[in-house]
Amino acid sequence: MTSSTTPDGLTRFNTLHEQAARAALNEVCASTAWVNALLARRPYATADALFAASDTATARLTAAGLAEAMAGHPPIGRPKPGDPTSSREQRGMAGASAALKADMLELNLAYQEKFGHVFLICATGRTGEQLRDAVRERIGNPPEREREIVRTELGKINRIRLARLVEEDAPEMSSPATASVSTHILDTSAGRPAAGVAVRLAARTGRDADWQALGGSATDADGRCKDLPVPPAGTTHVRLDFAVEPYFEKKQAAEESPAEAQQDAPANRDSGTTGAFFPEVTVTFAVVPGEHYHVPLLLNPFGYSVYRGS
């Protein structure tokens with residue numbers, strides 16, 4: 001494979017001194033066994049090969065290795081100070097209410113008391129409410145079942161972090177075997193980007209195939225998602241799910257005075273919501289390997305439009 005088909009970040013990772021490469025991988029996953037397994041297989045011809053190696057190494061982690069990996073993750077709602085990675089992944093909790101944060105703290109403690117380790121979930125693209133509901137649901141699992149769920153969630157996190165590592169400074173993450181996706185949201189009712197909107201990505205390998213949820217992200221201050229998961233090889237269709245209602249509810253609470261809210265009450269009743277007429281926006285589109293797909297969303301409380309951008 002030529003260098004033109006290898007992301008710049010992957011080429012850089014392949015040529016790092018072993019100590020530097022080990023440090024970079026430790027930022028992805030704290031398990032020594034996982035790091036050693038990925039180092040042993042350098043260099044990687046493609047990002048997919050790196051992701052596959054990660055999946056294999058995660059699946060082979062012993063109980064001790066899994067515990068070591070979990071120890072590197074902070075509790076949900078309490079990202080590590082000065083750690084942009086955990087803060088970005090837990091962005092859904094950033095604007096959570098005091099009551100929600102208190103609920104999450106209580107649930108985290110109850111979970112840790114039962115299972116003896118931190119509640120681990122791929123938090124990228126999830127809202128605070130979704131994270132709270134997930135720990136409520138999983139706290140009732142038997143330990144054996146929960147351990148395998150943790151392993152699956154760890155694999156998702158490792159993939160997302162590796163994608164950021166190897167695709168740094170390379171805006172298009174497609175390869176001959178995969179497509180790549182990005183998006184941004186413009187709030188046309190305000191004439192500015194829509195920040196903090198959770199976006200989740202799913203993929204399928206044919207019209208009749210099941211959708212595979214791959215995780216997601218949330219829009220930054222510029223309304224952009226720069227770290228959406230990379231669809232796997234064989235993907236023919238991609239689905240983006242935008243959680244727009246929380247964005248409009250938060251915007252309305254911040255910008256409207258009580259008098260304005262009362263004045264607009266009939267319109268809000270007609271729409272069926274105080275946030276947006278469409279609480280969720282789902283966009284499905286066809287993809288081919290080797291192409292990058294930028295799909296912007298133009299949004300207002302009562303409508304939206306999408307198109308393939310560049």
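**Group meeting: a walk through the model**

Okay, so buried residues make up 47% of the 310 residues in the protein chain, where buried means under 20% relative accessible area, exposed over 50% and partly exposed in between, with a 1.4 Å probe and protein chains only. Before going on: this is a predicted model, with local features needing pLDDT of at least 70 and side-chain atom pairs counting only at pLDDT 80 or more, while totals for chains, interfaces and linings use all residues. Residues are numbered from 1 along each chain as its sequence is written, and side-chain values use heavy atoms, with hydrogens and water left out.

For the overall fold, the protein chain has 12 helices and 10 strands; these are DSSP runs numbered from the N terminus, helices being H or I with at least four residues and strands E with at least two. Contacts, by the way, are heavy atoms within 4.5 Å. Of those between residues at least 6 apart in sequence, 70% join residues at least 24 apart.

Now helix H3, residues 32-40. Which of its residues are buried? Trp34, Val35, Leu38 and Leu39. They sit on the same side of H3, because they cover an arc of only 130° around the axis, taking the directions from the helix axis to the C-beta atoms. And the cover over these buried residues includes helix H2 (18-28), helix H4 (47-59) and helix H9 (143-166).

Next, asparagine 14, which is in helix H1, residues 8-15. Buried or exposed? Buried, with a relative accessible area of 18%. Leaving aside residues up to four places away in sequence, asparagine 14 touches Arg42, Pro43 and Tyr44.

Cysteines, quickly. Cysteine 122 is buried at 3% relative accessibility, and cysteine 225 is buried at 2%.

Last stop, the surface. The protein chain exposes about 15,100 Å², and carbon and sulfur atoms supply 52% of that; the areas are Shrake-Rupley with a 1.4 Å probe, and for residues only the protein chains shown count as cover. Phe277, Phe278, Phe302, Tyr304 and Val306 make a nonpolar surface patch of about 460 Å². One of them, phenylalanine 278, lies in the loop between helix H12 (265-271) and strand E7 (280-286), and counts as partly exposed at 32% relative accessibility. For patches, residues need over 30% relative accessible area and no salt bridge, with like charges joined within 9 Å and nonpolar side chains (Val, Leu, Ile, Met, Phe, Trp, Tyr) within 5 Å. A salt bridge here is a Lys or Arg side-chain nitrogen within 4 Å of an Asp or Glu carboxyl oxygen.
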